[in-house]
Amino acid sequence: MPAKSNDSPDQPAETPHYHGHRERLRERFYGAGPEALSDYELLEMALFPALPRRDTKPLAKALLKQFGSFAEVIHAPVARLREVDGIGEASINQIKLLAAAASRVAKGEIKRKIALSSWNDVIEYCRTGMAFADKEQFRLLFLDKRNQLIADEIQQTGTVDHTPVYPREVIKRALELSATALILVHNHPTRPVLITFNHNRYY
C-alpha cells in the first residue's frame, strides 16, 4: 500500500507552479464571492494552511471523487479520510475543523431565528449536524409552546445499525426543561442523507 503523506512542511516541495494558482483562487474568492468557485476549488483553499508546500488540487479532487460532495468530504469519518492516498493528519484536522464550523454556524442560525418554524428548518438543522454520522444517533429537540428551540441533545449513540431508546429518560428530560413539544430524530448511517422524525406536543 502506498505510504501516506504526513503533511509535514519538511517534505520535498513540488515545483511551485501552484503559487500563482493560489493567488488567482484567492482573488476570485474575494472578488466574485464563494459562488464563483467550484466545490473542489473551495476544498483546495481550505487545505492551503495544512499543505503550504504542496499543490492541493489533486487531493481536493481525490476527496470529492471518493466521497461525492463538499459536505460529504468534511463529514466523512476520520478512518475513511485516512484511506485517501496523499492525505495526512494536518489535512484531516483542517477538514474536521470545517465540519465543526459548519455545525456551529448552523446551530447559531437556528438560535438567532429563535424558532424552528417549519419542517424545512428542522431538516436542514438536523442534516448539518448528523446526516453524515457513521453511527446511529437518537437525538431530541425540545421546544416551547412557540416552537422555540430550548435544547438539542443526543440521548443515545449506538452502532452502525442500532441505537437504544429509553422513553422514561426522554419524558424525564422533557419535564426537566419544561418543554411543550418534542421532536425525536433518528439517522440512518447506511443511507447518510436519510433522517426520520417523530413530533409530539405536550399540553
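Predicted model: local features only at pLDDT ≥ 70, side-chain atom pairs only at ≥ 80, totals over all residues.
1. **Thr56, a residue in a loop.** Start with Thr56, which you will find in the loop between helix H2 (39–47) and helix H3 (57–67). Is Thr56 buried or exposed? Its relative accessibility is 1%, so Thr56 counts as buried, the cut-off for that word being under 20%. The side chain of Thr56 reaches the backbone oxygen of Glu44 at 3.2 Å. Setting aside neighbours within four places in sequence, the contacts of Thr56 are Arg22, Glu44, Leu47, Phe48 and Leu51.

2. **Strand E1 and its two faces.** Next, look at strand E1 (residues 137–143), where seven of seven residues are buried. Gln137, Arg139, Leu141 and Leu143 point one way from E1, while Phe138, Leu140 and Phe142 point the other way.

3. **The partners of E1.** Which strands pair with E1? One is E2 (residues 149–157), which runs antiparallel to E1 and is joined to it by seven bridges; here Leu143 stands opposite Leu149. Another is E3 (residues 181–187), also paired in the antiparallel sense, over six bridges, with Leu184 as the bridge partner of Leu140. E1 and E2 form a hairpin with five residues between them, and in that turn Asn147 has a positive phi of about 65°.

4. Side chains of opposite charge can pair when their charged atoms come close. The structure holds six salt bridges, and one of them joins Glu23 and Arg26 at 2.8 Å, N to O. These two residues sit three apart in helix H1 (residues 18–32), so about one helical turn separates them. Both are partly exposed: Glu23 at 42% relative accessibility and Arg26 at 28%.

5. **A salt bridge between strands.** Asp152 and Arg139 also meet through their side chains, again at 2.8 Å, N to O. This pair links distant parts of the chain, with Asp152 in E2 and Arg139 in E1, 13 residues apart. Asp152 is partly exposed at 22%, whereas Arg139 is buried at 6%.

6. Finally, find the salt bridge between Glu153 and Arg173, whose closest N and O atoms are 2.6 Å apart. Glu153 belongs to E2 and Arg173 to helix H8 (residues 167–176), so the pair ties together parts 20 residues apart in sequence. Glu153 is partly exposed at 23%, and so is Arg173 at 27%. Through shared partners, salt bridges join Glu153, Arg173 and Glu176 into one network.

Technical notes: Residues numbered from 1 in each chain as written. Heavy atoms only, no water. Helix = DSSP H or I, 4+ residues; strand = E, 2+ residues; numbered from the N terminus. Buried < 20%, exposed > 50% of the residue type's maximum accessible area, 1.4 Å probe, protein only. Polar contact = N/O pair within 3.5 Å; in protein donor to acceptor, adjacent residues only side chain to side chain. Contact = heavy atoms within 4.5 Å. Pairing = 2+ DSSP bridges. Salt bridge = Lys/Arg side-chain N within 4 Å of Asp/Glu carboxyl O.
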